[in-house]
Amino acid sequence: ANKALQGMFEAQMATLQDRLEAGLLDRLDSLHAAVGSLNTRVDAVARDFSNAREQYVRDIEDKSAMVARDAASLQQTLQGERADRKDRETLIIS
């Protein structure tokens, strides 16, 4: 009777252990899938951030070049106006 009771107890423990392991494996699979999904999303965010940063740098470089061109053009215009004014002043004085 003792051996039969011990055998039944061991069978129940084995069944309980199998259920516990199956539950843990299901949770582990679910966790693994969630981590994989999170990694995919983080990669996408990192890629988007990198692209946005590169575009920002290009935009800043383009705007900087445009400002430099505008400044050079303004300087040329001012020098031209100054030379014209000098010429007119020279004509007036002469």
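Biologist: Hi! What should I know before I start?
Modeller: The model is predicted, so local features need pLDDT of at least 70 and side-chain atom pairs count only at pLDDT 80 or more, while totals for chains, interfaces and linings use all residues. Residues are numbered from 1 along each chain as its sequence is written, and side-chain values use heavy atoms, leaving out hydrogens and water.

Biologist: Thanks! How many helices and strands does the protein have?
Modeller: One helix and zero strands. Helices (H or I, at least four residues) and strands (E, at least two) are DSSP runs, numbered from the N terminus. Helix α1 covers residues 2–93.

Biologist: And what does the C-alpha trace span?
Modeller: About 135 × 15 × 10 Å along the principal axes. The radius of gyration is 40 Å, whereas a compact globule of 94 residues would have one near 12 Å. That radius is taken over C-alpha atoms, and the globule rule is 2.2 Å times the number of residues to the power 0.38.

Biologist: What share of the residues is buried?
Modeller: Buried residues make up 0% of the 94. Buried means under 20% relative accessible area, exposed over 50%, and partly exposed in between (1.4 Å probe, protein chains only).

Biologist: Is Ala52 exposed or partly exposed?
Modeller: Ala52, in helix α1, is partly exposed because its relative accessible area is 45%. From Ala52 to Arg88 is 36 residues in sequence and 53 Å in space, C-alpha to C-alpha.

Biologist: Changing topic: which residues make the nonpolar surface patch?
Modeller: Leu25, Leu28, Leu31 and Val35, with about 380 Å². Val35 counts as partly exposed because its relative accessibility is 41%. Patch residues have over 30% relative accessible area and no salt bridge; like charges are joined within 9 Å, nonpolar side chains (Val, Leu, Ile, Met, Phe, Trp, Tyr) within 5 Å. A salt bridge puts a side-chain nitrogen of Lys or Arg within 4 Å of a carboxyl oxygen of Asp or Glu.

Biologist: Which residues form the positive patch, then?
Modeller: Arg82, Arg85, Lys86 and Arg88. Arg82 sits in helix α1 and is exposed, at 54% relative accessible area.

Note on methods:
Accessible areas come from the Shrake-Rupley method with a 1.4 Å probe; for residues, only the protein chains shown count as cover. Lys and Arg count as positive and Asp and Glu as negative; His and the chain ends are not counted. The place of a charge is taken as NZ of Lys, CZ of Arg, CG of Asp or CD of Glu.
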